[in-house]
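Trainee: I would like to learn how to read a chain like this one, from its strands to its charged pairs. Where do we begin?

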Amino acid sequence: QVQLVESGGGLVQPGGSLRLSCAASGSIVAIGGMGWYRQAPGKQRGLVASISTGFATDYADSVKGRFTISRDNAKNTVYLQMNSLKPEDIAVYYCYAKIFGSGRWRDYWGQGTQVTVSS
């Protein structure tokens with residue numbers, strides 16, 4: 001079994017920062033692309049940022065210059081550093097990873113972590 005466990009969400013004031021972490025564990029042979037999605041109330045889940053095995057990154061336009069995605073392959077962990085947070089960043093944030101285990105590649109998702117931006 002493979003699990004993605006997220007941490008780091010919470011309440012922050014506008015302009016503040018949070019760092020999300022997502023650690024993969026279990027029967028893992030290899031990890032491919034990793035990233036973060038978010039879902040705000042009443043909206044569809046959308047991509048926030050992604051990072052390839054070669055550390056190439058991609059960001060949603062709404063977070064460029066404010067968010068930074070990184071990964072630590074030794075720890076099977078992906079991070080999302082979020083700076084200059086705005087009320088429109090309020091959402092449940094989900095990490096994902098493409099993981100090879102038990103003979104095939106599969107997409108895995110974390111349980112979600114709430115980010116609230118409010119004064």
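The dialogue below goes through the fold, the sheet and the salt bridges in turn.

Mentor: Keep in mind that this is a predicted model. Begin with the secondary structure.

Trainee: How many helices and strands does the chain have?

Mentor: There are zero helices and eleven strands. Read from the N terminus, the order of elements is therefore β-β-β-β-β-β-β-β-β-β-β.

Trainee: How should I read the pairing of strands?

Mentor: In general, strands of a sheet pair through backbone hydrogen bonds, in a parallel or an antiparallel sense. Here, four strands make an open sheet in the order β1-β3-β8-β7, with antiparallel pairing.

Trainee: Which strands stand at the edges, and why is one side of each left without a neighbour?

Mentor: The edges are β1 (2–7) and β7 (67–72); each has a single partner strand, so one side of each has no neighbour in the sheet. From one strand to the next, the twist averages 15°. Inside the sheet order, β3 (residues 18–26) pairs with β8 (residues 77–82) over six bridges, in the antiparallel sense. In this pairing, R19 stands opposite Q81 of β8.

Trainee: And the charged pairs?

Mentor: The general idea is that side chains of opposite charge can pair when their charged atoms come close. The whole structure has four salt bridges. One of them joins D89 and R38, at 3.0 Å from N to O. That pair links distant parts of the chain, 51 residues apart: D89 lies in the loop between β8 and β9 (91–101), and R38 in strand β4 (residues 30–39).

Trainee: Are D89 and R38 buried or exposed?

Mentor: Both D89 and R38 are buried. Compare K64 and D61, whose closest N and O atoms are 3.1 Å apart in a salt bridge. K64 is partly exposed, with a relative accessible area of 48%, while D61 is exposed at 64%.

Trainee: What about K98 and D107?

Mentor: Their side chains meet in a salt bridge at 2.8 Å, N to O. K98 is partly exposed at 38% relative accessible area, and D107 is partly exposed at 44%. Elsewhere, salt bridges with shared partners join R38, R66 and D89 into one network.

Terms used:
Residues numbered from 1 in each chain as written. Predicted model: local features only at pLDDT ≥ 70, side-chain atom pairs only at ≥ 80, totals over all residues. Heavy atoms only, no water. Pairing = 2+ DSSP bridges. Helix = DSSP H or I, 4+ residues; strand = E, 2+ residues; numbered from the N terminus. Axes fitted to C-alpha atoms, helices over the stretch in contact; angles between N-to-C directions. Buried < 20%, exposed > 50% of the residue type's maximum accessible area, 1.4 Å probe, protein only.
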